[in-house]
Every structure is written in structure tokens, then in C-alpha cells.
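Notebook open, structure viewer up.

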Amino acid sequence: MPRVFYSESIRRFLSQSDEEILGILASNNSFELNDLQRNTWLEEIRILKSAISEFKDGCIIFEYTIPRMGKRIDVIIILRGIIFLLEFKVGSSSYDRSAINQVIDYALDLKNFHSESLKRLLVPILVATKGRDVLLNAGLLKDGIYKPLLCNSNNIKAAIDFIFSKEKEVNFEPLDWINASYAPTPTIIEAAQALYKGHNVAEISRNDASAINLARTSREISKIIEYSKVNRKKSICFITGVPGAGKTLVGLNIANERHNFDKNEHAVFLSGNKPLVNVLQEALARDESKRKGITKAEALAKAKAFIQIIHHFRDDAISTDEAPIEKVAIFDEAQRAWTKEQLEKFMTQKKGKPNFNMSEPEFLIRVMDRHTDWAVIICLIGGGQEINTGEAGLSEWFKTTLSSLDGVFI
């Protein structure tokens, strides 16, 4: 699974034909290449060849996927140790607030969750190709992130030169940046923990299970995690209960509590239920924004540190053989994980990866098994719910645990 559709030195980019670059983009695109996308890429290529023709030593990247975030940045230019993030609105004459926020979100996600961006200078640029000229007077939005620059198709070079007149950074290896792993920063984890502990939103706190049972379950899971750490074991736990019993709350509590940078311990709550993830993240962010007077985008970044879409976790794991940063993974509604046949079909048709021969439970277990010391998987299993076509059910988790890994997990 390519993290980028195209990456080359600027020197090489300038020497290639537009059609050759388009062919590379198309070959790494798992979606249908329609005329709109084709023409958009060709226009971006044309504009950028003119804009950066005088720069020979940098790197240019098209369609970069931010690890775990499920977002692709149109273009990244790495020049003189500075990372320029370009969001194109081809044919647009206006600098819409939503588009400005979009490119800001890219910068925030990189700064908060991308291991090679923490100490880098990020410059978001919104390119409305038919937009008016805007006076370049941007300063820092926050540490390491510039306020977005607003450009049209003719003044991107002027914007880059403007930044160079103000900033001098040390060069770094672009390939290290491209291949960098998902890694939430200490500050974002601390903020997420504080955010979660201070929440008062009904969408998260509402449950029908008694506080005693929830506390008891959490304590038992914590004992298993501590045992696994001390004894360098890999464990898998199953928490069952009817809808509304409080499984999600237990999972969120564990995901938020098991972060300790000094002890190399991280955790994540993963769900295939996108509406649930959106509700949880939105509820936390809205509550935090209201209580502290910060933007919702800032608050939302904190919630992303421990509540994520399982498909983003899976796709990121496919793109690398490295172990994930998390030692504890909580899978919500684990009985709905896909069978081997369903996942193979999806990978072939949607991701351009044929011959994928694992079920989702097997793949997720093997991803956590990449850790050489310890790891814990926690499966939240909803009771009394019908298993739909393509869903593996609890038996697939047992089958993989007991047979495929030869007893590595307990």
C-alpha cells in the first residue's frame, strides 16, 4: 500500500514529461482515474513545474497519506529543511474558510502524529488557482506551523521565497520523512488524557452497567497488561456484554490511561464504526472547545490520539513491516471483523492488493505480534447481535489465537 503516489527530487520532476508523472500517479491510485482527477493532476504538474523551476535540490511528493489519519495531502515540497503543504483547489477563485481549515488540519496532524514532523517547520499553502493576489504577511500559527499562505497559480514561488526570507532550517533526508511512522507526541497525549478526564459529555459517559462492574473489569484488564509487561508476554482479552453494558466506556478508559512515554507504553481504541468514532471525537472536541475557548480543530487533534478508525490502523500497518507504536490495542465490536474472503475481496477491488490471504482478526493479531517484547489485544464483543455476511465472528479470533500463532498469545 503506497504511502505516496509520486515522490522524486525536484530535479527529476522537472525533467520528466507530464504524461510520465501522470502515469506514475495513476499506477499508485487504487481508485478509478476519471477525467476530473486526471485533469487536476495535469494542472497541478504544470503549475508546479513553473513555480519551482529554479529550485533543484529539494523533493516533491504528490498524494501523501498521513499515517492513521485517513487524509491525503495533494502536494508536499521539501526545500531547505522546510516542509510546504499544498492543498490545490483547481479552478477556484476563492479562498474558502473550509479549505483553509483543511490545510491547517494537515499541518496539525503532521505536527501531532508524525514522528519526523515534530521538530520540522511546516508551511501550509492553499492554492486557489484562479484566486486573487493576497499580501504575504503570515506569521506562526503555533510553534513549528505557519499561518496558511493563500496563493494562486502564479505566485507559489513568491510564497516560498517569502518563507525563505524569514526562516532558515537544516536540511534533512526526505525519504526518512516520507517513511516516518505514526507517533503521537508527548504533549498531544498529555492533552488527550486531560481532555478525557475532564469530559462531561453524555455521548461518552452514558451507560447502563454499574460503576462497580466497570471498575472491576478495568482492574482485571490492567492486571493482565501489567503481567504481560513484566513477563514479556503477549495476551488477548475478550470483554463481552449486551449493547449499552459499558464496553465502549471500559475500552476508552483503558486506551486513555495506558499511555506512558517513559515506559514505552501506548494504547489506542479502534472501531470500524465510523459514526461512533465521529461522535466520540466530536463530543470530546466540542466539550473541550466550549470549556477552554480553543478552536474545535485543536481539541479534535487531542481526541484523535486515542480514538481512531480501525481501517486507518490496518492500512497503515499494511504499508510497513514495523510494529505499531501502541502496545495495547482495543478493538471495538471485534465480532464484526472481516473474514478472509471478505478482506481479500476488499483488498483486491479497493486497494489494488490481490492475494491478501488473511482474515482481519489474523492480520490484526499478526500486526501486534510484530512487537518483540509484549503486547495486549482487547476485543470488545457485543452480545445478541446478528453476524452479517463477511463478518468473521468470535470464532475467527479464537482460531487465529490458538492455531496460527502456536500459543504465542495467552
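Helices and strands here are DSSP runs (H or I, at least four residues, for helices; E, at least two, for strands), numbered from the N terminus. I am working on a predicted model, where local features need pLDDT of at least 70, side-chain atom pairs count only at pLDDT 80 or more, and totals for chains, interfaces and linings use all residues. Residues are numbered from 1 along each chain as its sequence is written, and side-chain values use heavy atoms, with hydrogens and water left out.

**Backbone**

I started with phi. Most residues other than glycine have a negative phi. I found Arg-80 in the loop between β3 (71–79) and β4 (82–89). Its relative accessibility is 47%, so I put Arg-80 down as partly exposed (buried is under 20% relative accessible area, exposed over 50%, partly exposed in between; 1.4 Å probe, protein chains only).

Arg-232 also turned up with a positive phi, about 50°, and is not a glycine. This one sits in the loop between α9 (211–231) and β9 (234–241). Arg-232 has a relative accessible area of 55%, so I wrote it down as exposed.

**Ring pairs**

How many aromatic pairs does a search of the whole structure find? I got 13. My rule: rings of Phe, Tyr and Trp (its six-membered ring) pair if their centres lie within 6.5 Å; planes under 30 degrees apart are stacked, over 60 edge-to-face, the rest tilted.

Phe-13 and Phe-62 make a tilted pair, 6.0 Å centre to centre with 40° between the planes. Phe-13 is in helix α1 (residues 10–15) and Phe-62 in strand β2 (residues 59–66), so this pair ties together parts 49 residues apart in sequence. Phe-13 is buried at 0% relative accessibility, and Phe-62 is buried with a relative accessible area of 0%.

I then checked Phe-238 and Phe-398, an edge-to-face pair at 4.9 Å centre to centre and 65° between the planes. Phe-238 belongs to strand β9 and Phe-398 to helix α16 (residues 394–404), so the parts tied together are 160 residues apart in sequence. I have Phe-238 as partly exposed at 28% and Phe-398 as partly exposed at 38%.

Back at Phe-13, ring pairs link Tyr-6, Phe-13 and Phe-62 into a cluster.

**Charges over rings**

My cut-off is NZ of Lys or CZ of Arg within 6 Å of the ring centre and within 35 degrees of the ring normal. The charged end of Lys-49 sits over the Phe-13 ring, 5.9 Å from its centre. Arg-80 shows up again, over the face of Phe-164 at 4.2 Å from the ring centre.
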